[in-house]
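Subject: Structure handover

Hello,

Please find the structure below. My notes on it follow.

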Amino acid sequence: MSLDFHPRKTELFCFCDNDNEIHYWNLNLFSCMRMSKGGMAQVRFQPRLGHFLAAASDKVVSIFDVETDRQILTFQGHSEIVNYICWDVNGDYLASVSHDLVKLWSVATGECIQELSSGGNQFHSCVFHPSYSTLLVIGGISSLELWNMAENKSMTIPAHENIISALAQSPVGGIVATASHDGSVKLWK
């Protein structure tokens, strides 16, 4: 369902499956090092250090210590299934997306510090903007929602003809990429 490479341990990557299992793989040995429960929709390593792994399953996001495989935080509060998660560039905050809501979580406190309702736009994906740390880019049915978290204001921009299923960002040049079910990929600056 989802996979991610560790930011520092180049031999380590993980993926989650439909059985709610997270598989940690060692590329050098080409073998599964361990499996644990708690990830069905998406998994993402904490950027830069990779101490933590965030995993979305049903209406919950879990944070695991990568070394011990111990679940250290549980983020609850979505009324619908969480289908996308993303870390800020420093790994201090995590955004979780369900169709009706985006929540911003503090890893330090374990609390939800902000949320934004979709207002009927059905959110699907998100990414922190590479140049503006307080701007979260959210993919909806056919539009992007730009959420300025510092001012708690958002604006909607028409972007595609169908669901924006994935977003990625590049710090080089401050580019955000969108992928849609309309069969197109677009780059935004």
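Strand β18 (residues 175-180) and strand β19 (residues 185-188) run antiparallel and are joined by four bridges. Strands here are DSSP runs (E, at least two residues), numbered from the N terminus. Two strands count as paired if DSSP finds at least two bridges between them. Threonine 178 faces lysine 186 of β19. Four residues sit between the strands in this hairpin, and glycine 183 takes a positive phi near 90° there.

Some ground rules before the rest. This is a predicted model, in which local features need pLDDT of at least 70 and side-chain atom pairs count only at pLDDT 80 or more, while totals for chains, interfaces and linings use all residues. Numbering starts from 1 along each chain as its sequence is written, and side-chain values use heavy atoms, with hydrogens and water left out.

**Sheet**

An open sheet of four strands has the order β9-β10-β11-β12, with antiparallel pairing. β9 and β12 (112-117) are its edge strands, each pairing on one side only. On average, neighbouring strands of this sheet are turned by 20° against each other, direction ignored. The axes behind that angle are lines fitted to C-alpha atoms, and angles run from 0 to 180 degrees between N-to-C directions. β9 is joined to strand β10 (residues 93-98) by five bridges, and the two run antiparallel.

**Pocket**

The largest pocket has a volume of about 500 Å³. A pocket is an open set of points on a 1 Å grid over the protein atoms alone, where a 1.4 Å probe fits, with protein on both sides within 12 Å along at least five of seven lines; lining residues have an atom within 4 Å of a point. The volume is the space filled by probe spheres set on the points, which are joined across faces, edges and corners.

The lining of the largest pocket has 23 residues, and Pro47, Cys86, Trp87, Val127 and Gln169 are the closest to its centre. Two or more lining residues come from each of β1 (2-5), β5 (42-45), β9 (82-87), β13 (125-128) and β17 (164-170). β9 gives the most, with four residues. By type, the lining divides into 17 nonpolar, three polar and three charged residues. Nonpolar covers Ala, Val, Leu, Ile, Met, Phe, Trp, Tyr, Cys and Pro; charged covers Asp, Glu, Lys and Arg; the others, Gly among them, are polar.

Valine 43 lies in strand β5. Valine 43 counts as buried because its relative accessibility is 0%. The cut-offs are under 20% relative accessible area for buried, over 50% for exposed, and partly exposed in between (1.4 Å probe, protein chains only).

**Salt bridges**

How many salt bridges does a search of the whole structure find? The search finds four. The criterion is a side-chain nitrogen of Lys or Arg within 4 Å of a carboxyl oxygen of Asp or Glu. Three of these follow.

- Glutamate 67 and lysine 9: the closest N and O atoms are 2.0 Å apart. The pair links distant parts of the chain, 58 residues apart: glutamate 67 is in the loop between β7 (60-65) and β8 (71-76), lysine 9 in the loop between β1 and β2 (12-16). Glutamate 67 is exposed at 56% relative accessibility, and lysine 9 is partly exposed at 29%.
- Lysine 37 and glutamate 21: the closest N and O atoms are 3.7 Å apart. Lysine 37 is in strand β4 (residues 31-37) and glutamate 21 in strand β3 (residues 21-26), 16 residues apart. Lysine 37 is exposed, at 52%.
- Glutamate 115 and lysine 103: the N to O distance is 2.6 Å. Glutamate 115 is in strand β12 and lysine 103 in strand β11 (residues 101-106), 12 residues apart. Glutamate 115 is partly exposed at 43%, whereas lysine 103 is buried at 7%.

**Backbone**

Most residues other than glycine have a negative phi. Aspartate 58 has a positive phi near 60°. Its place is in the loop between β6 (52-57) and β7. Aspartate 58 is partly exposed, at 44% relative accessibility. Aspartate 69 also has a positive phi, of about 60°. Aspartate 69 lies in the loop between β7 and β8.

Best wishes
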